[in-house]
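Colleague: I would like a close look at one part of this model, its charged side-chain pairs. Please start with the overall picture and then go pair by pair.

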Amino acid sequence: MDIARQAIEGGFADPVFDAQTVFRAVMDAMARPGTLQPLPILARPPAPLSATAGAIALALCDNDTPLWLDPVLQAPAAVKSWLGFHTGAPLANTPADAHFALIATPAEMMSLDGFSQGIQDYPDRSTTLILQVSDIVSGAPLLLEGPGIEMTATIAPAQMPRHFVEQWKQNNQRFPRGVDIILATPDGVACLPRTTRIKTMEA
């Protein structure tokens, strides 16, 4: 299949309804950190962009939201063409310029402070990271506390960066600035908003 055809195919079948479905799942996951909000397959982007991450990009990105792709996603022209056709989002020159970042290999991701942190007056101008993970149960267990969590919650996302917990503590310290994270699994989405505190299970 040529790149032009790949760019056109695989988008939302019902753009308004499907975008609302994805947006609601993301908002529910942000409101209840550590919970997995199920999401059906609504988009079929070119590999290696996953169906869930692709659907999130279609729902959240537009021509006013610069998008950064990690090296794995930058390489295939089909991924960039598909995102450009379906979202209109310009590609950010650097992670610090991005409103959203799509990360296919979180274990190799640059540190969180390399992305836009927002500014005190406009903390919402920070980057939201969309991480492709295989699941949220097979990685190192993380104990979550904070708004939207009754007492504690446990999540164990696969393929996370080695020093993620320490980076996240630094992210907490920058509040109200800082990044938010959306975990895109084959079954749905889970979120780590910047207000969530993380401890390792040994702590």
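With 203 residues, what radius of gyration would a compact globule have, and what value does the protein have? After that, how many salt bridges does the count come to, and which residues are linked in a network of them?

Modeller: This is a predicted model, in which local features need pLDDT of at least 70 and side-chain atom pairs count only at pLDDT 80 or more, while totals for chains, interfaces and linings use all residues. Residues are numbered from 1 along each chain as its sequence is written, and side-chain values use heavy atoms, with hydrogens and water left out.

A compact globule of 203 residues would have a radius of gyration near 17 Å, and the 16 Å of the protein agrees with that. The radius is taken over C-alpha atoms, and the globule rule is 2.2 Å times the number of residues to the power 0.38. Along its principal axes the C-alpha trace spans about 50 × 30 × 30 Å. The protein has six helices and nine strands; these are DSSP runs numbered from the N terminus, with helices (H or I) of at least four residues and strands (E) of at least two. Of the 203 residues, 50% count as buried, where buried means under 20% relative accessible area, exposed over 50% and partly exposed in between, using a 1.4 Å probe and protein chains only.

Now the charges. There are 13 positive and 20 negative side chains, and the centres of the two sets lie 4 Å apart. Lys and Arg count as positive, Asp and Glu as negative, with His and the chain ends not counted; the place of a charge is NZ of Lys, CZ of Arg, CG of Asp or CD of Glu. Side chains of opposite charge can pair when their charged atoms come close. A salt bridge here is a side-chain nitrogen of Lys or Arg within 4 Å of a carboxyl oxygen of Asp or Glu, and the count comes to three.

Glu 145, Arg 197 and Lys 199 are linked in a network. Arg 197 pairs with Glu 145, the closest N and O atoms being 3.9 Å apart. This pair links distant parts of the chain, from Arg 197 in strand S9 (residues 197–200) to Glu 145 in strand S5 (residues 142–145), 52 residues apart. Glu 145 also forms a salt bridge with Lys 199, with closest N and O atoms 3.6 Å apart. Here too distant parts of the chain are linked, since Glu 145 is in S5 and Lys 199 in S9, 54 residues apart. Glu 145 is buried, at a relative accessible area of 19%, whereas Arg 197 is partly exposed at 43% and Lys 199 is partly exposed at 37%.

The remaining pair is Arg 194 with Asp 180, whose closest N and O atoms are 2.8 Å apart. Arg 194 lies in the loop between strand S8 (188–192) and S9, and Asp 180 in strand S7 (residues 180–184), so the pair ties together parts that are 14 residues apart in sequence. Both Arg 194 and Asp 180 are buried.

Arg 194 has a further neighbour in Phe 175, which touches Arg 194 and Thr 195, not counting residues up to four places away in sequence; contact means heavy atoms within 4.5 Å. Phe 175 is in the loop between helix H6 (164–173) and S7, and is partly exposed, with a relative accessible area of 47%.
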